[in-house]
Amino acid sequence: MNKDLKPERYELPDGDERTILRERIIKALNAVPIYFKSPVNIKGVAVTDLFSMNTLLGGAIEDQTTQALNDTRNIWDPDGKYSEYFFKRYSESFPDVRLEKGVDQSPLIGIELKGWYLLSKEEMPSFRFRASADAVTEWDLLVVYPWSLSDVLSGTPKLEIPYIEQAKYAADYRTYYWEHRNPNAKKVVHPDTHPYPNPGSKYSDIAKDDSSGNFGIVARVHGLMDDWVSDTMKNKLAGIEAKWWVKFFKLFDEKGVNEQKIKSQFEKIADTEDHNKKWADEFYGLISQLMDLRVVLVKSF
């Protein structure tokens, strides 16, 4: 690929069995939120601890998502052709979820799976996707599942519609964006790697001009997943868009801020979004009632 041209998605050959299989897996990935089941049950949690939820439960959510993908076998393997294959998650490998029939067999398709707690402080997925385009095949996917709790502040995790992209294209686009973000941007260094690199080997691209550690935060790459993030933040939780929950929780997260100051600050935010004071009062009242229910964090696996 010419690195100076804006990347395009790689075409997949019609004659390769992975092409049809990949189409079916994408359908299954979109159906996973319906099949997803989690034994985790959150009884209550302090608002100030909500923002760390993804760190606490992220790995478990990704494991359970992988199981849900296996539960959609009737979608991606309707003829039983791949009855010996299963999706397996390897937390220390890239991509971390692989469709394979044995550890010594090359995967048919790989998925780099990420979970995104919808009420995270960043208001976007904060993971870093630094893998080189050479570390994946054209059939491999980057998949991000937003998740939240069934009762917002308590309940069981539930998944939303995922972001699904060709992983090789996402890597190319991320690198293109980085190298063209300003006139002084430097070229990204690519490792000598191959699809499904061995654990411990070097497969990540390196940005020499990344003193802030921002390279790889694909949610900030314009034109890649920013529209999906914006749309997803409009998902309603208990009747209120996710973006409003986060703005409200951020106010509570500030040290030394009392109730009256929180209400005042929220009214200012509502005003900038063309909502009136009545709307802000009603929203504040609803969230306050829900937060009174929090007591103890209880979980079971």
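Predicted model: local features only at pLDDT ≥ 70, side-chain atom pairs only at ≥ 80, totals over all residues.

Biologist: Which other strands pair with strand 4, and in what sense?

Modeller: Strand 3 (residues 109-117) runs parallel to strand 4 and is joined to it by 7 bridges; there, Tyr117 has Trp147 as its bridge partner. Strand 6 (residues 163-166) pairs with strand 4 in the antiparallel sense over 4 bridges, with Val143 standing opposite Ile164.

Biologist: How do you know that strand 4 is covered on both faces?

Modeller: In a regular strand the side chains alternate between the two faces of the sheet. On one side of strand 4 lie Leu141, Val143, Tyr145, Trp147 and Leu149, and on the other Leu142, Val144, Pro146 and Ser148; all are buried. For strand 4 (residues 141-149), the count is 9 buried residues of 9.

Biologist: Why is Leu237 called buried?

Modeller: Buried means under 20% relative accessible area. Leu237 has 2% relative accessibility and therefore counts as buried. Leu237 is placed in strand 9 (residues 236-237). Leaving aside residues up to four places away in sequence, Leu237 touches Leu118, Leu119, Ser148, Val152, Lys158, Glu160, Ala242 and Trp245. The C-alpha atoms of Leu237 and Leu149 are separated by 8.8 Å, although these residues are 88 apart along the chain.

Biologist: Val152 is one of those contacts of Leu237. What makes the backbone of Val152 worth a remark, and is Val152 buried or exposed?

Modeller: Most residues other than glycine have a negative phi. Val152 is not a glycine, yet its phi is positive, at about 70 degrees. Val152 is placed in the loop between strand 4 and strand 5, and its relative accessibility of 3% is why Val152 counts as buried.

Biologist: Why is Glu123 called partly exposed?

Modeller: Partly exposed covers the range between the buried limit of 20% and the exposed limit of 50%. Glu123 has a relative accessible area of 22% and is therefore partly exposed. Glu123 lies in the loop between strand 3 and strand 4 and is a residue other than glycine with a positive phi, near 60 degrees.

Biologist: Why are helix 1 and helix 3 called roughly perpendicular?

Modeller: Angles of 65 to 115 degrees count as roughly perpendicular. The axes of helix 1 (residues 17-35) and helix 3 (residues 53-71) cross at roughly 110 degrees and come within 9 Å; the two helices are therefore roughly perpendicular to each other. In their contact, Ala28, Leu29, Val32 and Tyr35 of helix 1 meet Thr65, Ala68, Leu69 and Asp71 of helix 3. These residues divide into 6 nonpolar, 1 polar and 1 charged.

Biologist: Which residues have the most contacts inside the largest nonpolar core?

Modeller: They are Ile25, Ile111, Leu119 and Phe129, in a core of 76 residues. Beyond four places away in sequence, the residues that Phe129 touches include Phe94, Leu142 and Val218.

Technical notes: Residues numbered from 1 in each chain as written. Heavy atoms only, no water. Buried < 20%, exposed > 50% of the residue type's maximum accessible area, 1.4 Å probe, protein only. Pairing = 2+ DSSP bridges. Core = buried A, V, L, I, M, F, W, Y, C linked by side-chain atoms within 4.5 Å. Contact = heavy atoms within 4.5 Å. Axes fitted to C-alpha atoms, helices over the stretch in contact; angles between N-to-C directions. Parallel < 35°, antiparallel > 145°, perpendicular 65-115°, else oblique. Nonpolar A, V, L, I, M, F, W, Y, C, P; charged D, E, K, R; others polar.
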